[in-house]
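User: Hey, I've got this one open in the viewer. Can you walk me through it?

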Amino acid sequence: MRHSGELIQWNNKGGYGFVRDDTGRDYYVHISNITGGRPHLGDRLAFDTALGRKGRPSAVAVTITDTTPAPRPATLREIKQPAPGVSRYKLGLRTAAATLMTLLILWAIASDRAPQWLGLLYAGMGAGSALLYRFDKLYALTGKYRVSETNLHVVDLSFGIIGGLAAQEVYRHKTVKPRFVATTWGIALLHTLGLAALAFGWLAAFAGQLGW
């Protein structure tokens, strides 16, 4: 007997999901059993039933009878818009940290405690880090190959942390996953302490005590 139902879950990358028939029963469905292309959530499907692996009810010989247009991915411009009721000029924690590090660099250079090339190094690597976050966000929106988290952290550690923090804030990217966030703030703390030691002369004083 032929069944019909609605696709209620779908993992596009894995090619599997669940279809719920008109009686409310759910069936596992795999892309290999679907003709007519990949389905989208909300599509109406016609299918036969069979017992799949582990004895679970599965949909086979599936056809798409009524399709729902795929949702349009958000654009970077939309992502950058502040949430309703939040001022676009509100200073986020990541922007504040990036600003603090920038001020410490400028102070260290102005007081001749750090060379000018240090500022240029932070600026160049920061721009590179910001571009990587931008590309990774674009790839996430379009379902393309992603920039690895390890590469993002390595660039941030290699003097790109200011641009990395700013990009996270602007693109609202990589701000939820606990392990990634913890590593990012660890890198930020390391650079902040190092720049503070330069700007306030602590590093020079320590070196003097060691006779360097």
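Predicted model: local features only at pLDDT ≥ 70, side-chain atom pairs only at ≥ 80, totals over all residues.

User: OK. How many helices and strands does the protein have?

Analyst: There are six helices and six strands. Going from the N terminus, the order is β-β-β-β-β-β-α-α-α-α-α-α.

User: And what share of the residues counts as buried?

Analyst: 33% of the 212 residues. As for surface, the protein exposes about 13,200 Å², and carbon and sulfur atoms supply 62% of that.

User: Let's do packing. Which residues have the most contacts inside the largest nonpolar core?

Analyst: Met101, Tyr122, Ile161, Ile162, Leu165 and Leu195, in a core of 19 residues. At least two residues of this core come from each of helix H2 (93–110), helix H3 (116–142), helix H4 (149–171) and helix H5 (178–199). H2 gives the most, with seven residues.

User: Now H2. How far does H2 reach from its first C-alpha to its last?

Analyst: 26 Å for 18 residues, close to the 26 Å expected at 1.5 Å a residue. Its buried residues are Arg94, Ala97, Ala98, Met101, Leu104, Ile105, Ala108 and Ile109. Looking down the axis of H2, those buried residues fall within an arc of 130°, so they line one face of the helix.

User: What's exposed on the other side of H2?

Analyst: Leu93, Leu103, Leu106 and Ala110 are exposed there.

User: What does UniProt list as "transmembrane region"?

Analyst: The unreviewed UniProt entry gives residues 91–110, 116–135 and 180–205 under that name. In the model, the span 116–135 is 100% helix and 0% strand, and its end C-alpha atoms lie 29 Å apart.

User: Switching to the strands. Where is valine 19 found, and is it buried or exposed?

Analyst: Valine 19 is in strand E2 (residues 16–21). Its relative accessible area is 1%, so valine 19 is buried, given that the cut-off for buried is under 20%.

User: What does valine 19 touch?

Analyst: Not counting residues up to four places away in sequence, valine 19 touches Gly5, Glu6, Leu7, Ile8, Arg25, Asp26, Tyr27, Val29, Leu45, Phe47 and Ala59. Two of these, Tyr27 and Val29, also belong to the core of ten residues.

User: Last thing, backbone angles. What phi does aspartate 112 have?

Analyst: A positive phi of about 60°, although aspartate 112 is not a glycine. Aspartate 112 is in the loop between H2 and H3, and it is exposed, with a relative accessible area of 72%.

User: And lysine 174: which phi, and in which loop?

Analyst: Lysine 174 also has a positive phi of about 60° and is not a glycine. Lysine 174 is found in the loop between H4 and H5. With 17% relative accessibility, lysine 174 counts as buried.

Key. Residues numbered from 1 in each chain as written. Heavy atoms only, no water. Core = buried A, V, L, I, M, F, W, Y, C linked by side-chain atoms within 4.5 Å. Buried < 20%, exposed > 50% of the residue type's maximum accessible area, 1.4 Å probe, protein only. Helix = DSSP H or I, 4+ residues; strand = E, 2+ residues; numbered from the N terminus. Areas by Shrake-Rupley, 256 points an atom, 1.4 Å probe, with all protein chains shown as cover. Expected span 1.5 Å × (residues − 1). Arc of directions from axis to C-beta. UniProt positions renumbered as here; feature names shortened; annotations may be inferred. Contact = heavy atoms within 4.5 Å.
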